[in-house]
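Subject: Structure handover

Hello,

Here is the structure for your files. My notes on it follow.

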Amino acid sequence: MDITITARRCTITDTIRQDAERALTEAVGKLSTRVIGAEIEFTGSDNKVEGTRCEITLRGKGPVIRGIGIADDKMLAFEGALKKLDTQLRKAADRRKSRRGLRSTDLGSVPLLPVESLRPTPPAEPEPPAVKVSTVAGVEVVGDGPLVVREKVFQATPLTLAQALDEMELVGHDFFLYVDAETGKPSVAYRRKAYNYGVIHLDVTE
């Protein structure tokens, strides 16, 4: 298993790197997933109250699994992220055991949720020539904004609702965008309260 450790706005000592690699390697052997690569990212904060954020991402032939931990100490943040991974795997397993009427199948590899760009409403009156016009992620931006655009494109494998809920639990999100395997419709599964979920399907028309 390849392990990549990066640090943003903080410094990681060789001891922390070695301890994190050893702990993650031991833990992955106990997790019920075929992991090919792992990414550990430590992010420092300018605000001492927030502490250090550690994000662990496991990638393999199955779904992506992510855990996040925040603490004053870097290794405590790492241990919190590792514990979160275990909790998410247990939740997904418990949900599969308790569901009724949803057929369980092997999970395909599905990327994280893409964030699509939105085209701003054009102004009613033409802008004077002096106004700056730029293109961001395929969107024409007039003036200085404010406009924040982030565009990502992923290959998606159609999923059943049961698979989409499992994927959502494993990445720790409150919602999950997917293509329904039965209807082919773009859909969003989202968490309500406790183990209750909702799902929205889009009926695309010309």
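Strands S7 and S8 (residues 186-191) run antiparallel and are joined by five bridges. Strands here are DSSP E runs of at least two residues, helices are H or I runs of at least four, and both are numbered from the N terminus. Two strands count as paired if DSSP finds at least two bridges between them.

Before the rest, the basis. This is a predicted model, in which local features need pLDDT of at least 70 and side-chain atom pairs count only at pLDDT 80 or more, while totals for chains, interfaces and linings use all residues. Residues are numbered from 1 along each chain as its sequence is written, and side-chain values use heavy atoms, with hydrogens and water left out.

The S7-S8 pair belongs to an open sheet of three strands, ordered S7-S8-S9, with antiparallel pairing. S7 (175-179) and S9 are the edge strands, each pairing on one side only. On average, neighbouring strands of this sheet are turned by 20° against each other, direction ignored. The angle is taken between axes, which are lines fitted to C-alpha atoms (for helices over the stretch in contact), with angles running from 0 to 180 degrees between N-to-C directions.

Helix H3 (residues 161-171) is mostly covered, with 10 of its 11 residues buried. Buried means under 20% relative accessible area, exposed over 50%, and partly exposed in between (1.4 Å probe, protein chains only). Among the buried residues of H3 are Asp166, Glu167 and Glu169. Gly172 follows H3 and has a positive phi, near 75°.

Salt bridges: the whole structure has six, counting a side-chain nitrogen of Lys or Arg within 4 Å of a carboxyl oxygen of Asp or Glu.

- Arg8 and Glu41 form one, with the closest N and O atoms 3.8 Å apart. Arg8 lies in strand S1 (residues 2-8) and Glu41 in strand S2 (residues 35-43), so the pair ties together parts that are 33 residues apart in sequence. Arg8 is partly exposed at 44% relative accessibility, and Glu41 is partly exposed at 26%.
- Arg66 and Glu55 form another, at 3.2 Å from N to O. This pair links strand S4 (residues 65-71), which holds Arg66, to strand S3 (residues 52-60), which holds Glu55, 11 residues apart. Both Arg66 and Glu55 are buried, and together with Arg53 they make up a network of salt bridges.
- Asp174 pairs with Arg191, again by a salt bridge, with the closest N and O atoms 3.2 Å apart. Asp174 sits in the loop between H3 and S7 and Arg191 in strand S8, 17 residues apart. Arg191 is partly exposed, at 24% relative accessibility.

How many disulfides are there? The count is zero, a disulfide being a pair of cysteine sulfur atoms within 2.5 Å. The sulfur of Cys54 is 9.4 Å from the closest cysteine sulfur, in Cys10, which is too far for a bond. Cys54 is buried at 0% relative accessibility, whereas Cys10 is partly exposed at 21%.

Finally, the surface. Phe175, Tyr190, Ile200, Leu202 and Val204 form a nonpolar patch there, with about 480 Å² of accessible area together. Patches are made of residues with over 30% relative accessible area and no salt bridge, joining like charges within 9 Å and nonpolar side chains (Val, Leu, Ile, Met, Phe, Trp, Tyr) within 5 Å. Areas come from the Shrake-Rupley method with a 1.4 Å probe; for residues, only the protein chains shown count as cover. Val204 is found in the segment after strand S9 (197-201) and is exposed, with a relative accessible area of 61%.

Regards
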